[in-house]
Amino acid sequence: MNRSIFICFMFIGISVLIIVGCGTANVPTTAAPKYNTGLTADEYRNDAFRELFPLHWASYMKNEDDTQMTRFAGSVPHRMNDGTNPLPKGYKYYQPYLKNLWLGFPFMYEYNRSRGHTYALEDMLAIDRVDKYTEQGNLGATCYSCKSTTVPKYLAKYGDAFWSMPISNLVEEHKPFSKHTVGCANCHNPQTMELVITNPILDEALLRVGIDWRKAPKNDMRSYVCAQCHVEYYFERGAQGGVQLKPHFPWDKGFNPQNIYEFYAEGNSEIDGFKGQFADWVHPVSKVPSIKIQHPEFEMWVDGPHGSAGVSCADCHMPYVREDGRKKISSHHWTSPLKTIDQSCRTCHADKSAEFLKERVEYTQSKIWSQILVAQELSVRAHETIRLASEFQGRRHANYESLLAEARELTRKGQLFWNYVSAEGSVGFHNPIKAMETLAVSVQDSSKAVELAKRATNYAIAPELEGNIKKIVPPILEHSRKLQQSQEHLNSHQWLQYLPLLPQAERLWDVPERTRNK
């Protein structure tokens, strides 16, 4: 099959997948209500909508609740790698190797369970991934794109130069954070309250796969508005033909991890904004060019049981509720449906009890959770095996270099695959079959990497890798920008010694206590 025909079939396939996934066929839909709010078309202040829609505002403000956990997640912020400390610092369901696996990338400093959308802006600025030891923060303004309502305003003012502006330049303009965090204008036309896409990156990604959201039915829009942020993305490279730090969704080959892995293998400067193989960073221990998957809820959901059946994100996460005793609205408390099973689940599954449905969800999640941990442990073992093989000075295999190169590529793929599942917010429930298959591929590829790296040394390093991986490579519990200024800390773990010692410094700026909505 020549390339043009293949691409044609690929786009048709993706389009069919989206249409089937979003379920326009056989899904009853109601006409979207239209309002005349009297607001301007560029209104982005959340509190401008409070008096106009008091019931919706009241449900939106429930996102302030950061005290309710489900079994595996919930809204209590805590460190995702910490099972040593109780809430709110750690939690019994944790991923101990996250700092090891993201070593050399800012996620190694801090990665927390997120709170509600009303905290998005504040928490993004407060996290240690933003370098407060420099004036500019070492991250771009692109980070505001999924945390605030202000991006259309800044794009109109600065154009594509906005994405790479220093993140610290716009902190003051976003105060009070409650007024500009994720809110009404992200998903609604401020004048008519119709659902709209305000993130130009999603608009571009959908058009590349043949979808114009402006012609989409309401049911599809009830998922597309969530796909503005709940997706995998990367940042384009200015030096490789892209727009520096502009987000880009890697959907051109499809939504599955294999499609995304293949996309990152060979970029086209003009279309993709990078050239050759893409990597977020190179792992300092193994020298594996690695990908940090973000939060691919849309990609996981789109061909899962609910997505394929035409059940939208909003159907479960924004169920219809009655407020003030009579009026029915779509809840704007974006949280786990496990907290609203009667409204979210039993609307369709009325023949099952809430207790039964909760048990079935947790059964699925518990199986997937255990496999996430297995896949991560094998990924650590792969990095460690490559480290030992790279430093091996004995008699090497005749194909030493090619065996190590293949081991690194398999480790890169294994990491992308487990991260696709672990970074997705449902613990695989959005698509259990895909989640399990993805983790199985990760385990297989990491295991192959271990075998190849051992073979490169004629198995001379094998005795060093026998036994429990947690004794061979202990999980890193504590690491931060401040700790990386201490040689004593770097000497405390064999992997931390591959990081550079940072100069002693004090914080130059920080994010103050929030100004809550009043």
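Trainee: At what N to O distance do the side chains of Arg45 and Glu43 meet in a salt bridge?

Mentor: The model is predicted, so local features need pLDDT of at least 70, side-chain atom pairs count only at pLDDT 80 or more, and totals for chains, interfaces and linings use all residues. Residues are numbered from 1 along each chain as its sequence is written, and side-chain values use heavy atoms, with hydrogens and water left out. A salt bridge requires a side-chain nitrogen of Lys or Arg within 4 Å of a carboxyl oxygen of Asp or Glu. The side chains of Arg45 and Glu43 form such a bridge, with an N to O distance of 2.7 Å.

Trainee: How many residues apart are Lys34 and Glu194, which form a salt bridge?

Mentor: The closest N and O atoms of Lys34 and Glu194 are 3.6 Å apart. Lys34 is exposed at 61% relative accessible area, whereas Glu194 is partly exposed at 26%. Lys34 sits in the loop between helix H1 (3-22) and helix H2 (54-60), and Glu194 in the loop between helix H7 (184-187) and helix H8 (200-208). The pair thus links distant parts of the chain, with a separation of 160 residues.

Trainee: By about how much of a helical turn are Glu409 and Arg412 separated in helix H17?

Mentor: Glu409 and Arg412 form a salt bridge whose closest N and O atoms are 3.7 Å apart; Glu409 is partly exposed at 28%, and Arg412 is buried at 1%. An α-helix has 3.6 residues a turn, so residues three or four places apart point the same way. Being 3 residues apart in H17, Glu409 and Arg412 are separated by about one helical turn.

Trainee: Are helices H16 and H17 roughly parallel or roughly antiparallel?

Mentor: Helices are DSSP runs of H or I with at least four residues, strands are runs of E with at least two, and both are numbered from the N terminus. The axes, lines fitted to C-alpha atoms over the stretch in contact, have angles that run from 0 to 180 degrees between N-to-C directions. Those of H16 (residues 354-390) and H17 (residues 400-422) come within 10 Å and cross at roughly 155 degrees. Angles over 145 degrees count as roughly antiparallel and those under 35 as roughly parallel, with 65 to 115 roughly perpendicular and the rest oblique, so H16 and H17 are roughly antiparallel.

Trainee: How many nonpolar, polar and charged residues does the contact of H16 with H17 have?

Mentor: Contact means heavy atoms within 4.5 Å, and the classes are nonpolar (Ala, Val, Leu, Ile, Met, Phe, Trp, Tyr, Cys and Pro), charged (Asp, Glu, Lys and Arg) and polar (the others, Gly among them). Residues of H16 including Ile368, Gln376 and His383 meet residues of H17 including Tyr400, Arg408 and Trp418. By class, the contact of H16 with H17 has 11 nonpolar, 7 polar and 1 charged residues.

Trainee: What is the handedness of the crossing in which H17 passes H18?

Mentor: The axes of H17 and H18 come within 8 Å and cross at roughly 160 degrees, and the two helices are therefore roughly antiparallel. The residues of this contact divide into 16 nonpolar, 5 polar and 6 charged. A crossing is left-handed if the near helix is turned anticlockwise from the far one by less than a right angle, and right-handed if clockwise. On that convention, the crossing of H17 with H18 is left-handed.

Trainee: Near what omega value is the cis peptide bond from Lys175 to Pro176?

Mentor: The peptide bond from Leu87 to Pro88 is cis, with omega near 5 degrees, and Pro88 lies in the loop between H2 and helix H3 (98-101). Pro176 is found in the loop between helix H5 (151-158) and helix H6 (177-180). For the cis bond from Lys175 to Pro176, omega is near -5 degrees.

Conventions: Buried means under 20% relative accessible area, exposed over 50%, partly exposed in between (1.4 Å probe, protein chains only).
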